[in-house]
Amino acid sequence: MDKQETLKRILELGLLAVIRGPSVDLTVKMVEALIRGGVCGIEITYSTPDAEEVVQQLDQRFGETILLGMGTLTRLEQAETAKAAGAKFLVSPHCRPELAQAMVASGLVTMVGAFTPTEVENAYRLGSDVVKIFPGSLSGPAYIKALKGPFPHIPMMPTGGVSAENVGDWFAAGVVAVGAGSELCPLQWAKEGRFDEITQRAREFCSAVESARPR
């Protein structure tokens, strides 16, 4: 799957699960539960223990039946190590020019984190395919709508503050996709073995995203 195919699939899915797991085993089980519920866009964060091993396992098991990426990139070398592990897209939490350039140089779909208007424009100019608006919990859909005024051409994806109940508001504001973490896959549920509930939550999110997007 090349870069343009990956980007197209992200836009088709409209939902990325942002996973900060507690261990390799539990993180894999979290992802399995999400996949059973229909969530196929998976972002494993570097704040997950042995994150690259998790991605390798998931890539070997599921291949292109899922769209697998790595997030919370904070070091330049992670752009290449994530790619080597099997990631098809890269996500950072902030707009650091050298990191953004390393992510773009990897040849993978790049989503650079930004918040202010200046950061949003800088991230896009640095080559970010989609600008990640983070933390979304501090902004809300109205903020996206305001940003789309001067930047209608910049694809945006919020992460944080996204729920099945408000996902329609985000898409109405103009986002191309949403990233969902604890609202979609609560860490405590994984620790308690409540994987059937994670699967049900995944179904609810997928249904909400499907209903929210223009047909």
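Colleague: Let's start with the pocket in this predicted model. Which classes of residue make up the lining of the largest pocket?

Modeller: By class, that lining holds eight nonpolar, six polar and two charged residues.

Colleague: How should I read a pocket in general, and how much space lies in this one?

Modeller: The general idea is simple: rolling a probe the size of a water molecule over the atoms shows where empty space is left. Here, the largest pocket has about 250 Å³ of space. It is lined by 16 residues, and those closest to its centre are Val18, Arg20, Ala180, Gly181 and Ser182. Strand S1 (15-19) and strand S8 (178-180) are the elements that give two or more residues to the lining.

Colleague: Good, now the strands. Are the faces of S5 covered or open?

Modeller: In a regular strand the side chains alternate between the two faces of the sheet. In this case, Val109, Met111 and Gly113 lie on one side of S5, Thr110, Val112 and Ala114 on the other, and all are buried.

Colleague: Which strands pair with S5, and in what sense?

Modeller: Strand S4 (residues 89-91) pairs with S5 in the parallel sense over three bridges, and phenylalanine 89 has valine 109 as its bridge partner in S5. Strand S6 (residues 130-133) also runs parallel to S5, joined by four bridges; there, valine 112 is partnered by valine 131 of S6.

Colleague: And which helices belong to the β-α-β units with S5?

Modeller: Helix H5 (residues 97-105) forms a right-handed unit with S4 and S5. Helix H6 (residues 117-125) forms a right-handed unit with S5 and S6.

Key. Residues are numbered from 1 along each chain as its sequence is written. This is a predicted model: local features need pLDDT of at least 70, side-chain atom pairs count only at pLDDT 80 or more; totals for chains, interfaces and linings use all residues. Side-chain values use heavy atoms; hydrogens and water are left out. Buried means under 20% relative accessible area, exposed over 50%, partly exposed in between (1.4 Å probe, protein chains only). Two strands pair if DSSP finds at least two bridges between them. A crossover is right-handed if, with the strands pointing away from the viewer, the path from the first strand over the helix to the second runs clockwise. On a 1 Å grid over the protein atoms alone, a cavity is a set of points where a 1.4 Å probe fits but cannot get out, and a pocket is an open set with protein on both sides within 12 Å along at least five of seven lines; lining residues have an atom within 4 Å of a point. Grid points are joined across faces, edges and corners, and a volume is the space filled by probe spheres set on the points. Ala, Val, Leu, Ile, Met, Phe, Trp, Tyr, Cys and Pro count as nonpolar, Asp, Glu, Lys and Arg as charged, and the others, Gly among them, as polar.
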